[in-house]
Amino acid sequence: MTTTTAQQPGLSYKEIADAIISFLEISLHTILYLRSVYPPSTFSRRRAHQVPVYQSRHPQVRSYITNVISSLAPEIHSGKLRRMTVVIKGVEDGLPRERMIFDLGYLAELDKLREGRGSEVGLIGAPNAEELGLMLRGFLIKLNALDGQLLDNQGETTFAVIIETNDSLEPSSNNNEDGSVPPWIPALANDTLHPPSSQDLDGCTEKHEPLLNVKAVETGVIDIRLMVQECVAKTGVERLDP
């Protein structure tokens, strides 16, 4: 008689989504520190997934980041967030210096999974908490090393966060029944990535500024990839790919 051990379920979709949302918040704080958008003295050093990270101590910056993350969280839980881009740009001219591009992909059967309480059930083949933690740890190590691979940004800079959805519709968090101001507004043309998110950046034939692939994590449930684009306004080099 032949027997086998049943495969144990890993984390649920909701648990992985929550971990990715937290990871994006950590990454956003850390990017602002690494790229010197604000003075280093305004950040506190923390640890996440056993990796040194940074958190802004400025109340307005922290409040803004918290609002951004809470507003994009529903899009991740529903599998609609395709891309989050952190645009670092000059204060004087408003031109982008670099873009940190987080692309997300989702389980193909997500719509069926989200019926009832399926998103809260552990998934066969999904990573467990320890495995996911190791994946995100590797991602944060790569993120911290990124600073040494990029040219410094000259002059005073600021940032914006741009999100793009799979359905090209307004984020669900903009549908406020209480009449409050929507958290998301249309992005400035200069801030948006070209080519648009409807095209695959790797196989796109439209010319664009070079992209550096930093790190990808494939959980089989929610996959996430980081790319960086240094812009002409910083490099002064009009080199376009492909």
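Helices (H or I, at least four residues) and strands (E, at least two) are DSSP runs, numbered from the N terminus. This is a predicted model, where local features need pLDDT of at least 70, side-chain atom pairs count only at pLDDT 80 or more, and totals for chains, interfaces and linings use all residues. Residues are numbered from 1 along each chain as its sequence is written, and side-chain values use heavy atoms, leaving out hydrogens and water.

**View 1. Helix H1 and what follows.** H1 covers residues 13-34. Count 1.5 Å a residue and its 22 residues should span 32 Å (the rule is 1.5 Å times one less than the number of residues). The end C-alpha atoms of H1 sit 31 Å apart, so the two values agree. Just after H1 comes Ser-36, with a positive phi of about 55°.

**View 2. H1 against H2.** Here H1 packs on H2 (residues 59-77) at an angle of about 150°, with axes 10 Å apart; axes are lines fitted to C-alpha atoms over the stretch in contact, and angles run from 0 to 180 degrees between N-to-C directions. That makes the pair roughly antiparallel (over 145 degrees). Residues in contact (heavy atoms within 4.5 Å) include Leu-24 and Leu-28 of H1, and Ile-65 and Ile-69 of H2.

View 3. Strands S2 (residues 43-48) and S3 (residues 51-56) pair in the antiparallel sense over six bridges; pairing takes at least two DSSP bridges. Look for Arg-47 opposite Pro-52 in S3. Two residues lie between the strands of this hairpin, and His-49 in the turn has a positive phi of about 55°.

Definitions and conventions:
Angles under 35 degrees count as roughly parallel, over 145 as roughly antiparallel, 65 to 115 as roughly perpendicular and the rest as oblique.
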